[in-house]
Amino acid sequence: MSISPFLNLIKQAHDPAVPSAQRKGLASVCSAHPLVLEAALQRAARTGRPVLIEATCNQVNQDGGYTGMTPADFRDLVLGIAEKVGCPAHLVLLGGDHLGPNPWKSLPPQEAMDKALTMIEAFAKAGFVKLHLDASMGCAGEPVALSDETVAERACALAQRAESAAPGQAVYIIGTEVPVPGGAAEALDHLEPTSPDAATATLQVHETLFRRVLGDDVWGRVIGLVVQPGVEFGVEDVVIYDRPRAQSLSATLNQMPGQIFEAHSTDYQPLPALRALVEDGFLLLKVGPGLTFALREALYGLDSIRSVLLPQQESLRAVMERIMTQQPAQWRGHYEGTESKLAILRHYAYSDRIRYYWPQQDAEAAVETLLRQLGETGLPDPLLSQFLPVQYKKIRDGLLSRHPRAVILSAIDTVLGLYDQACGAEVT
């Protein structure tokens with residue numbers, strides 16, 4: 001793993017000989033689901049292009065996170081899948097997202113930061129090469145939003161710990177204007193892009209402190225700023241990128257040598273919007289729930305085929321509904337409405353809270369049963385056409401194996417393909 005792909009992004013972003021229409025970007029795959037990881041690594045193996053895979057602080061940390069994995073565990077999972085699908089290890093770029101005190105923000109500030117410092121050290125030692133320093137949240141006894149100076153001091157401490165663990169091995173992303181991980185729960189009517197003044201102030205405060213404390217070399221590897229370009233998704237809505245509204249923010253990048261913008265929550269954006277984001281300097285595009293949403297669509301499409309072929313079999317949807325209603329912690333508080341409305345949102349919302357339930361033993365067993373049974377029955381063309389028309393066409397054209405697992409990977413790959421196109425890659 002190398003930081004050179006990120007430095008190349010910076011170089012072409014600020015090269016006057018490269019017009020914005022020719023800018024290239026990089027998608028960030030933010031998921032720990034093995035099938036999502038497999039699809040992303042298969043694409044990298046096929047295209048020879050680097051793949052950036054990121055884990056969040058809540059998902060993976062020294063305590064295991066909600067996946068039960070430490071950074072080293074996550075690295076081993078990714079590299080193990082890469083080896084299985086024939087993806088060279090040098091194409092795999094690992095990143096850590098929202099690395100800071102967020103998982104422990106109910107603790108006093110120093111205690112929470114001690115945990116965060118231990119976490120980022122674990123990420124650095126495990127070979128993660130892109131680290132998002134996010135100390136923007138208040139801890140116990142602090143205001144929800146902290147001053148730029150306090151955020152910068154904590155980000156600097158995090159970078160210092162990472163450098164002590166793995167000197168010169170990582171690039172850093174800073175920024176405090178971070179959309180809610182996993183999608184917004186509130187109405188999206190008043191979403192505003194980051195103001196140029198706020199972006200400039202954040203960068204200046206961090207630069208002054210980093211150069212003084214950590215030196216020019218480390219600051220030279222602070223390559224990007226998380227900003228809000230005006231994109232977001234919620235439970236049932238998506239805010240599509242509105243280029244004119246972000247024009248002044250995009251123009252600010254010209255006064256930020258060595259920097260690019262990172263855009264979170266780009267899930268469900270159409271291809272023209274994704275491409276416009278890259279052309280406007282948002283060269284790192286985060287996508288996560290949109291990939292597991294595609295996974296769920298494929299699984300439920302296969303489930304519908306099975307319901308015709310084996311009508312006596314309990315459906316996958318029924319299994320997932322039972323699991324989610326018995327253990328509501330991951331969706332309650334994120335969805336509102338009548339019982340019938342909640343039943344729809346649990347399965348089909350853009351925020352995709354169902355993704356937290358796929359690793360459970362009963363869910364994994366139900367998926368394996370589905371795949372095994374369809375492997376035995378086969379996937380008849382008329383049913384594929386009815387329930388999975390995109391994959392049906394690929395199978396009919398000889399581009400896809402007639403196997404349920406291949407169908408799922410293809411559905412995820414379709415989303416990844418949009419990001420490849422948006423980032424300036426040739427269609428494959």
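A residue counts as buried when its relative accessible area is under 20%, as exposed when that area is over 50%, and as partly exposed in between, using a 1.4 Å probe and protein chains only. By that rule, 54% of the 428 residues of this protein are buried.

Two notes on the source. This is a predicted model, in which local features need pLDDT of at least 70 and side-chain atom pairs count only at pLDDT 80 or more, while totals for chains, interfaces and linings use all residues. Residues are numbered from 1 along each chain as its sequence is written, and side-chain values use heavy atoms, leaving out hydrogens and water.

Now the overall fold. The protein has 16 helices and 10 strands; these are DSSP runs numbered from the N terminus, with helices (H or I) of at least four residues and strands (E) of at least two. Its radius of gyration is 22 Å, close to the 22 Å from the globule rule for 428 residues, so the protein is as compact as a globular protein of that length. That radius is taken over C-alpha atoms, and the rule is 2.2 Å times the number of residues to the power 0.38. The C-alpha trace spans about 70 × 50 × 40 Å along its principal axes.

Next, contacts, meaning heavy atoms within 4.5 Å. Of those between residues at least 6 apart in sequence, 75% join residues at least 24 apart.
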